[in-house]
Structure formats: C-alpha cells, structure tokens
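Dear colleague,

Please find the structure below, followed by notes on what was found in it.

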Amino acid sequence: LHSVALRHESPSRFLLLHPDSEAAKELSRMAHKGDERVIPKHIRDSIDKLWELNRDGYRIEVALYGFQPILRIALVNDKVAHVGLYNDGSFGEQSAQVVLTSLKKDSTYFRACSRYMKSVWDAADHVDLKTTKPPSEC
C-alpha cells in the first residue's frame with residue numbers, strides 16, 4: 001500500500017462495506033457466533049487507519065457501500081487483479097480468490113471489473129478524510 005499510494009498521482013481508492021449497514025451486522029453474526037459488533041468494529045478501525053495514512057500524506061479515498069457483497073475485487077494496478085466470491089463462512093482474504101496477472105487495461109475482464117467497481121463507487125457514501133479527528137470520533 002505504501003509504495004503504491006506514494007508512487008501514483010491518482011489516489012488509492014478503498015471501497016468498504018458500511019459499518020452501520022445491515023449487511024455488515026449480518027456478516028458479523030455469521031462469522032462471530034451471533035455477535036453483530038465485530039465486523040463493523042474492524043471496518044471502523046480500517047477507516048481510521050486509512051484516515052491516518054491520508055493525514056500522513058498518502059493519497060487515499062474511501063467510500064462505503066451498504067449491500068451484501070457477492071464479489072471481492074481488488075484492482076491492484078492495471079495489470080493485477082484479485083477476484084473472489086464471498087460465501088457463507090468465508091470473509092475477506094479467507095474467501096477463495098483468483099489472482100489474475102498480466103492483465104491488459106483494455107482486456108474485456110479488466111474493463112468489466114473496472115465498470116463494476118466504478119458503478120459501486122459512484123453509488124457509495126464517500127468518507128471525508130480531511131477531518132481533524134478520525135472518522136470514528138466525528
């Protein structure tokens with residue numbers, strides 16, 4: 001993250017599940033024996049860490065979506081993508097993933113992933129990282 005965020009002129013974008021969403025609570029209940037607080041807390045902690053990095057000069061943008069995700073897509077750069085499916089009992093990096101390397105920016109797969117991510121990004125709630133306090137304290 002550090003080297004990518006510092007090297008690129010455009011910001012690194014992080015699209016996270018909204019910690020106050022029913023989807024976050026449901027995922028938490030499924031993964032943590034009925035406790036709906038665990039995953040929302042992890043998400044809030046992640047947002048605060050991204051706020052710290054932004055404050056330290058890394059170019060970062062964060063947006064939050066509120067629905068149950070089906071795909072986990074990480075477009076690392078215009079050549080590498082990690083794609084996985086969420087299913088009951090597996091979350092985040094624990095879910096089965098395919099790592100695609102040597103993608104071409106104009107490939108059909110890359111364009112499809114980019115379009116999907118853009119549509120979710122555009123519809124999401126954007127987090128203001130320019131606050132003087134971490135978002136969890138605002």
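The buried residues of helix α2 are in contact (heavy atoms within 4.5 Å) with β1 (12–17) and α3 (38–55); helices (H or I, at least four residues) and strands (E, at least two) are DSSP runs, numbered from the N terminus. This is a predicted model, in which local features need pLDDT of at least 70 and side-chain atom pairs count only at pLDDT 80 or more, while totals for chains, interfaces and linings use all residues. Residues are numbered from 1 along each chain as its sequence is written, and side-chain values use heavy atoms, with hydrogens and water left out.

Within α2 (residues 22–31), A23, A24, L27 and S28 are buried (under 20% relative accessible area, with exposed over 50% and partly exposed in between; 1.4 Å probe, protein chains only). Seen down the axis of α2, these buried residues fall within an arc of 135° (taken from the directions from the helix axis to the C-beta atoms), so they line one face of the helix. After α2 comes K33, which has a positive phi near 50°.

Turning to the strands, β3 (residues 71–75) and β4 (residues 81–85) pair in the antiparallel sense over 5 bridges, where pairing requires that DSSP finds at least two bridges between two strands. The two form a hairpin with 5 residues between them, and L71 has L85 in β4 as its bridge partner. On β4 there are also 4 bridges to strand β5 (residues 97–100), which runs antiparallel to β4, and V83 stands opposite V98 in β5.

Best regards
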